[in-house]
Amino acid sequence: MTTSQQQPYQLTDNAYPFVPSTAEHNRLEEQCAALNELVLDKPIRAPLKNPQKILDIGCGTGFQTDLLAKMYPNATIIGLDMSPVPDLRPKRDNIIYILGEFKELMEKGHELLQPGTFDLVYQRMLLMGVTSWPRHLESVKSLLKPGGFFESQEMDFWKMYDRENNLISQDWHFLDVATRGPAEQGLNLKIAEALPGHLDEAGYDSVQQEKFPMAFQKGWKKRPETEKLAVYLNWACRPWWRRFFEKGRGKGRMRRL
């Protein structure tokens, strides 16, 4: 994929900033591959044993859905997204895709989203899609079987450290500005830090958190697993930041700092 591709973005009432396109599909594919490498090619951390039913919320291009179906061939894998999943790979027999927004599908009682039926509910990078985390977590919890797992993988861009692991971003005010606009639509771009507390408040048992350091620069010899993500972040973040600032205005103009 070339770094010159630009993702289209939209200014609509929908919280998610990007519209389906070839460039956006490529971005999502690259993001999934880079994040899988970051977590040492163990994309599912939950200790699953013979799962029968798994839900992938916000499945995008179906990259992780396909991986889940390969990892657990005896399970039914349901991928859910508000945009149609593109035809980028053959669909495995144990995959079912649902088109729609998770919140609305739950409110309507979708036949494939019945309470207490899932061994795992999985999601990744929903910080730009969920506008009410307490309500979202309550819905997810209702879907889990007794002993079922919920796994959420989110990125934290808001605390930057130097090579000696000292915090250096405490006075970077542009980060606060970047979160201001999305917050007006209910998005919490700092959810990675807040999520364990939300899970405790929602009554989840045995909440655990793993942290994986990432880098915006290539060449971290002690952490070679960060290399692919560093390459991805360098070309992908520019439209993100532009979108975040534009959300603050609610118009197609940049917010002036």
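Partly exposed means a relative accessible area between the buried limit, under 20%, and the exposed limit, over 50%. Keep those limits at hand for this tour of a predicted model.

**Stop 1: lysine 228 and glutamate 37**

Select lysine 228. Its relative accessibility is 33%, so lysine 228 counts as partly exposed. Glutamate 37 belongs to helix α1, while lysine 228 belongs to helix α7 (residues 227–249), so the pair ties together parts 191 residues apart in sequence. Glutamate 37 is partly exposed too, with a relative accessible area of 24%.

**Stop 2: arginine 27 and glutamate 24**

Stay on helix α1, which covers residues 22–38. Select arginine 27 and glutamate 24. They form a salt bridge, and their closest N and O atoms are 2.8 Å apart. What separates the two along the helix? They are three residues apart, which means a separation of about one helical turn. Both arginine 27 and glutamate 24 are buried.

**Stop 3: aspartate 119 and lysine 145**

Move to the strands. Show aspartate 119 in strand β4 (residues 118–124) and lysine 145 in strand β5 (residues 144–153). These two residues form a salt bridge, with 3.2 Å between the closest N and O atoms. Aspartate 119 and lysine 145 sit on separate strands, so their pairing ties together parts 26 residues apart in sequence. Is aspartate 119 buried or exposed? At 17% relative accessibility, aspartate 119 counts as buried.

How many salt bridges does the count give? The count comes to seven, by the rule of a Lys or Arg side-chain nitrogen within 4 Å of an Asp or Glu carboxyl oxygen.

**Stop 4: the cysteines**

A disulfide is a covalent bond between the sulfur atoms of two cysteines. How many disulfides does a search of the whole structure find? The search finds zero. The cut-off for a disulfide is 2.5 Å between sulfurs. Start from cysteine 59 instead, and the closest cysteine sulfur is that of cysteine 32. Cysteine 32 is buried, with 11% relative accessible area. Cysteine 59 is buried as well, at 7%.

**Stop 5: threonine 61**

Next, select threonine 61, in the loop between β1 and α2 (63–71). Threonine 61 is buried, with a relative accessible area of 2%. Display side chains here. That of threonine 61 makes a polar contact with the side chain of glutamate 29, at 2.5 Å. Which other residues touch threonine 61, leaving aside neighbours within four places in sequence? Besides Glu29, the list holds His25, Leu28, Val85, Pro86, Leu88 and Arg89.

**Stop 6: histidine 110**

Go to the loop between α3 (102–107) and β4, and pick histidine 110. Histidine 110 is partly exposed, at 23% relative accessibility. Not counting residues up to four places away in sequence, histidine 110 touches Ile98 and Leu105. Histidine 110 and isoleucine 98 are twelve residues apart in sequence, and their C-alpha atoms are 9.5 Å apart.

**Stop 7: a nonpolar patch**

Select Ile168, Trp172 and Phe174. They form a nonpolar patch, with about 250 Å² of accessible area together. Phenylalanine 174 is in helix α5 (residues 173–184). Its relative accessible area is 37%, so phenylalanine 174 is partly exposed.

**Stop 8: two positive phi angles**

Finish with the backbone. Select leucine 40, in the loop between α1 and β1 (53–57). Leucine 40 is not a glycine, yet its phi is positive, at about 60 degrees. At 55% relative accessibility, leucine 40 counts as exposed.

Then select serine 206, in the loop between α6 (191–201) and α7. What is the phi of serine 206? It is positive, at about 50 degrees, although serine 206 is not a glycine. Serine 206 is exposed, with a relative accessible area of 65%.

Key
Residues numbered from 1 in each chain as written. Predicted model: local features only at pLDDT ≥ 70, side-chain atom pairs only at ≥ 80, totals over all residues. Heavy atoms only, no water. Helix = DSSP H or I, 4+ residues; strand = E, 2+ residues; numbered from the N terminus. Buried < 20%, exposed > 50% of the residue type's maximum accessible area, 1.4 Å probe, protein only. Patch = residues over 30% accessible without salt bridge, like charges linked within 9 Å, V, L, I, M, F, W, Y side chains within 5 Å. Areas by Shrake-Rupley, 256 points an atom, 1.4 Å probe, with all protein chains shown as cover. Polar contact = N/O pair within 3.5 Å; in protein donor to acceptor, adjacent residues only side chain to side chain. Contact = heavy atoms within 4.5 Å.
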